[in-house]
Each structure stands twice: as C-alpha cells, then as structure tokens.
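User: I would like to learn how to read salt bridges in a structural model. Could you take me through the idea and then through the case at hand?

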Amino acid sequence: MPGKLGLSETEYIIMSYIWKENREMVRKEIIRHFSEEGYTWASQTVQTFLDILIRKGALSFRLQGHQKVYFPSMSRTEFAAKWMENMIYQNFDNGISDFIVACNSFKGNLTESQKKELEKIWNE
C-alpha cells in the first residue's frame, strides 16, 4: 500500500492506528500494538517515525516525567484538508480552478461510477 496524505507508507500505517485510537499513548504501547500485528520495528525506528510525524504536523506530544506521551495533533480529516491545501498551493499556484481543470481532464480514465460521483461533486 503506498503512503497517503504526503506520508510514507510506514508513517501512514502508524498514523492510521493513532487516529483510530484517538487517545494519548506512549511509544511502548505503539510498539506493542505493531509487534502484535507482526511488524518487527526496533524501538529507535518507531521513535524516528514518531519524530517525523511530529515534524509533519500529524502528531503532537507532551512530556510526562521523562517520557513522551503522543496524541494526534489533528483528526485524519483535518490533516487531509491541510495536505490538500498544501498540494494545491504547491502544484497549482494556489489556484483551485487550475486544480479542478486538472481533475476534470482525467475523467476519461475513470469508471462510470467514478464519473457519476465526480459529476455530482461538480454540480453541488
């Protein structure tokens, strides 16, 4: 599965779990969950991904003693909206109309149900 929302595949997997849980958790809990899921990530590897997710704005933390307690900095929907806004700004000179034209131009590659869904969106 490729990454989504500007996150690498692993970052997206980790954030999907954190968004689903939507609660504070420590690194050990995150490692335990993924270990139970069959992932064999080292503690330092998980720490590196958590640090990257903080830099990307998806994750926040607070200190509890010497331990970091992690929580989502925004919901998945809010993060997706932020990512989309940045993507449009970076790739379409902040022009929503250029973005819509680009979306409309690939309609020929869509299934009929996708075309109907797109038409519904355009007409709203």
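**Reading the salt bridges**

Analyst: K56 forms a salt bridge with E11, and the closest N and O atoms of the two are 2.7 Å apart. Because K56 sits in the loop between α3 (43-55) and β2 (59-64) while E11 belongs to helix α1 (residues 9-21), the pair ties together parts that are 45 residues apart in sequence. Please keep in mind that this is a predicted model.

User: What is the general idea behind such a pairing?

Analyst: Side chains of opposite charge can pair when their charged atoms come close. With a cut-off of 4 Å between a side-chain nitrogen of Lys or Arg and a carboxyl oxygen of Asp or Glu, the count here comes to five salt bridges.

User: Which residue does E24 pair with, and where do the two lie?

Analyst: E24 forms a salt bridge with R62, with 2.8 Å between the closest N and O atoms. This pair links distant parts of the chain, 38 residues apart, as E24 is in the loop between α1 and β1 (25-26) and R62 in strand β2. Both are partly exposed, E24 at 38% relative accessibility and R62 at 33%.

User: Which residues are joined into one network?

Analyst: Salt bridges with shared partners join E21, R23 and E29 into one network.

Note on methods. Residues are numbered from 1 along each chain as its sequence is written. This is a predicted model: local features need pLDDT of at least 70, side-chain atom pairs count only at pLDDT 80 or more; totals for chains, interfaces and linings use all residues. Side-chain values use heavy atoms; hydrogens and water are left out. Helices (H or I, at least four residues) and strands (E, at least two) are DSSP runs, numbered from the N terminus. Buried means under 20% relative accessible area, exposed over 50%, partly exposed in between (1.4 Å probe, protein chains only).
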